[in-house]
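Here is a guided walk through one protein model, written to be read with the structure open beside you. Take a moment to turn the model around before reading on.

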Amino acid sequence: MDWLLYENDALSKGYSVICGVDEAGRGPLAGPVYAAAVILPKGHIIEGVNDSKKLSEKKRDLLYDKIISECVCYSVGTASEKEIDEINILQATYLAMRRAVEGLEIKPDLALVDGNRVPPLDDGIAVETIVKGDGKSASVAAASIIAKVSRDRYMLEMAAKYPQYQFEKHKGYGTKLHYEMIEKYGISDIHRKSFLKKVLNNE
């Protein structure tokens, strides 16, 4: 498989600074949605990089450090659970992606974005979407790992702050355990109220 197919195609079209963009945490009931943007050196593949969902937590942690040390630059953007409730998860994901791209030290002229929807980024930045891009593009795969590890680490911090919900076990996703803890302890400050309307209506 050619991990640089999309990057090389973009270079052949005249783009010079290409970043990969992906998100983590669209589905959970708690915590922010995260996005990352990563610019890799031209022609560079970081060994072992793949769709973050296909990697073990230990492997993701190792690759996170490797990506940070080998990339040209990277940035992480978030949208809070309050922003998710206010503008909906799709718009909040776009916001996190925009913040991630805006945070890059070098402005890209093309963003390769995982999925099939085009987020509104800065003027001057072209966007190409790649369905399942985190398993096809080196840049997008690197961004998926940075976003996933960053969010997981944040949720571990929240696990220490809100130990009753056991966030360390489910990272805020809607597992049976998580729903049981919500039923027992109610909704915390970091829960997405728009995701828990049924629970709130039953209170």
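## The whole chain

Please keep in mind that this is a predicted model. The protein chain holds eight helices and five strands. Read from the N terminus, these elements follow the order α-β-β-α-β-α-α-β-β-α-α-α-α.

Of the 203 residues, 48% are buried. The accessible surface of the protein chain is about 9,800 Å², and carbon and sulfur atoms account for 50% of that surface. There are 28 positive and 30 negative charges in the protein chain, and their mean positions lie 5 Å apart. Taking contacts between residues at least 6 apart in sequence, 65% join residues that are at least 24 apart.

In soluble globular proteins, nonpolar side chains tend to be buried together. The largest nonpolar core here has 21 residues, and the members touching the most others are Val-38, Leu-40, Val-49, Ile-67 and Ile-145. Strand 2 (33–39), helix 2 (57–70) and helix 5 (138–161) each bring at least two residues to this core. Helix 5 gives the most, with eight residues.

Which residues does Ile-145 contact, beyond its neighbours within four places in sequence? They are Val-49, Asn-50, Ser-52, Leu-55, Arg-60, Leu-63, Tyr-64 and Ile-67. Apart from this core lies another one, of 20 residues, which includes Val-21, Ile-39, Ile-84 and Ala-92.

One of the contacts of Ile-145 is Arg-60, a residue of helix 2. Arg-60 has a relative accessibility of 10% and therefore counts as buried. Setting aside neighbours within four places in sequence, Arg-60 is in contact with Ser-52, Leu-55, Ile-145, Lys-148, Val-149 and Asp-152.

## Two residues with positive phi

Most residues other than glycine have a negative phi. Two residues are worth a look with that in mind. Asn-88 is not a glycine, yet its phi is positive, at about 85°. You will find Asn-88 in the loop between helix 3 (81–87) and helix 4 (89–102). Lys-171, also a residue other than glycine, has a positive phi near 55°. Lys-171 sits in the loop between helix 6 (167–170) and helix 7 (176–185).

Are these two residues buried or exposed, or partly exposed? Asn-88 has 42% relative accessibility, so it counts as partly exposed. Lys-171, at 11%, counts as buried.

Asp-134 lies in the loop between strand 5 and helix 5. Its relative accessibility is 4%, and since buried means under 20%, Asp-134 counts as buried. Beyond neighbours within four places in sequence, Asp-134 is in contact with Trp-3, Asp-22, Asn-50, Asp-51, Lys-53, Asp-114, Val-140, Ala-141 and Ser-144.

Leu-196 is found in the loop between helix 7 and helix 8 (197–202). With 1% relative accessibility, Leu-196 counts as buried. Its contacts, leaving aside neighbours within four places in sequence, are Leu-29, Tyr-179, Ile-182, Ile-187 and His-191.

Thr-129 belongs to strand 5 (residues 126–130). At 28% relative accessibility, Thr-129 counts as partly exposed. Not counting residues up to four places away in sequence, Thr-129 touches Val-113, Gly-115, Asn-116, Arg-117 and Val-118.

| Pair | Separation along the chain | C-alpha to C-alpha distance |
|---|---|---|
| Asp-134 and Glu-23 | 111 residues | 10.0 Å |
| Leu-196 and Ile-146 | 50 residues | 28 Å |
| Thr-129 and Lys-176 | 47 residues | 34 Å |

Conventions: Residues are numbered from 1 along each chain as its sequence is written. This is a predicted model: local features need pLDDT of at least 70, side-chain atom pairs count only at pLDDT 80 or more; totals for chains, interfaces and linings use all residues. Side-chain values use heavy atoms; hydrogens and water are left out. Helices (H or I, at least four residues) and strands (E, at least two) are DSSP runs, numbered from the N terminus. Buried means under 20% relative accessible area, exposed over 50%, partly exposed in between (1.4 Å probe, protein chains only). Contact means heavy atoms within 4.5 Å. Accessible areas come from the Shrake-Rupley method with a 1.4 Å probe; for residues, only the protein chains shown count as cover. Lys and Arg count as positive and Asp and Glu as negative; His and the chain ends are not counted. The place of a charge is taken as NZ of Lys, CZ of Arg, CG of Asp or CD of Glu. A nonpolar core is a set of buried Ala, Val, Leu, Ile, Met, Phe, Trp, Tyr and Cys residues joined through side-chain atoms within 4.5 Å.
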